[in-house]
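Subject: Structure handover

Hi,

Please have a look at it first and then read on.

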Amino acid sequence: MSRPEIEIRGLHKSFGDNHVLRGIDLEIGQGEVVCVIGPSGSGKSTLLRCVNLLEEPSQGQVVVGGTEVTDPDVDIDAVRRRIGMVFQQFNLFPHLTVTENLTLPQRRVLRRGKAEAARVAAQNLQRVGLAEKADAYPSSLSGGQQQRVAIARALAMGPEVMLFDEPTSALDPELVGDVLAVMRMLAQEGMTMMVVTHEMTFAREVADRVVFMDGGVVVEDGAPEQVISHPRHERTRHFLSRLLDPAMADVEEGTSDQVGKDA
């Protein structure tokens, strides 16, 4: 494996008495795509949010690109500029056009000029297949298009790492494919990606590794073929079998993304 781009060591996170992460050790190499799967409440989203300190770990270390994110003296804003994050919800400003949604963070955070920010915005809208929507408002876009705009907005900041937290879970099934196609493109370009997902086909075809979490620990970590097709642990087999039955999966996984009980 190439040098670690993300290093997680002995990571714990508690919300009051709820011990969500229980000593996570994980490394993601430069250019690797790692998909994190598991049931609701397993700690997947909390783990992702600890990587860029949206959640402050209770114990342990997180290192991104050689910089310890959990160092009390770290310039977290500088670190976050190197980390793009895409959430379940799109979080676009409804009163701004697509281009304005992409240029605003560039101008405020990176201090780019108006022309430069517009040029970068146009490039990244082209990358996600939405160049023709530059002057549209979010309300005129489908959910899948809004999520692709959110990805383009993250890419416009020039991240070295991309974090995806269930990016297709809020989409109608027919809109999922275009978003996953953009993520496949990023993987082919060599972007380091950590993806919390229930999309097993994407994980099997695109991921270099699949991590299965349950109860705040990593149960399995290996190649997609091994973890998905030939899991070693009974808990992994049980989880994957539930995914084959949507009715049972709804019961097993739940649909809410709550603090300390994340998807």
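Ala-136 counts as buried because its relative accessibility is 16% (buried means under 20% relative accessible area, exposed over 50% and partly exposed in between, with a 1.4 Å probe and protein chains only). Ala-136 sits in the loop between helix H4 (114-127) and H5. Helices here are DSSP runs of H or I with at least four residues, strands are runs of E with at least two, and both are numbered from the N terminus. Leaving aside neighbours within four places in sequence, Ala-136 is in contact with Thr-97, Val-98 and Leu-141, where contact means heavy atoms within 4.5 Å. Thr-97 is 39 residues from Ala-136 in sequence, yet their C-alpha atoms are 5.4 Å apart.

Before going further, please note that this is a predicted model: local features need pLDDT of at least 70 and side-chain atom pairs count only at pLDDT 80 or more, while totals for chains, interfaces and linings use all residues. Residues are numbered from 1 along each chain as its sequence is written, and side-chain values use heavy atoms, with hydrogens and water left out.

Now to the helix pairs. The axes of H3 (residues 98-109) and H5 (residues 143-155) come within 9 Å and cross at roughly 30°. That makes H3 roughly parallel to H5. For reference, angles under 35 degrees count as roughly parallel, over 145 as roughly antiparallel, 65 to 115 as roughly perpendicular and the rest as oblique. The axes are lines fitted to C-alpha atoms, for helices over the stretch in contact, and angles run from 0 to 180 degrees between N-to-C directions. On the H3 side, Val-98, Asn-101, Leu-102 and Pro-105 meet Val-149, Ala-152 and Arg-153 of H5. The residues of this contact of H3 with H5 divide into five nonpolar, one polar and one charged.

H5 also pairs with H6: their axes come within 8 Å and cross at roughly 20°. H5 is therefore roughly parallel to H6. From H5, the contact takes in Gly-143, Gly-144, Gln-147, Arg-148, Ile-151 and Leu-155, and from H6 it takes in Leu-175, Asp-178, Val-179, Val-182, Met-183 and Leu-186.

Phe-90 is worth a look too, in the loop between strand E6 (83-86) and H3. With 13% relative accessibility, Phe-90 counts as buried. Setting aside neighbours within four places in sequence, Phe-90 is in contact with Gly-143, Gln-146, Gln-147, Ala-150, Arg-153 and Leu-171.

Arg-111 lies in the loop between H3 and H4 and, at 68% relative accessibility, counts as exposed. Glu-166 is placed in the loop between strand E7 (161-165) and helix H6 (173-188), and counts as buried at 4% relative accessibility.

Finally, in helix H9 (residues 234-243), Thr-236, Phe-239, Leu-240 and Arg-242 are buried. Down the axis of H9, these buried residues fall within an arc of 155°, so they line one face of the helix; the arc is that of the directions from the helix axis to the C-beta atoms.

Best wishes

Terms used
Nonpolar A, V, L, I, M, F, W, Y, C, P; charged D, E, K, R; others polar.
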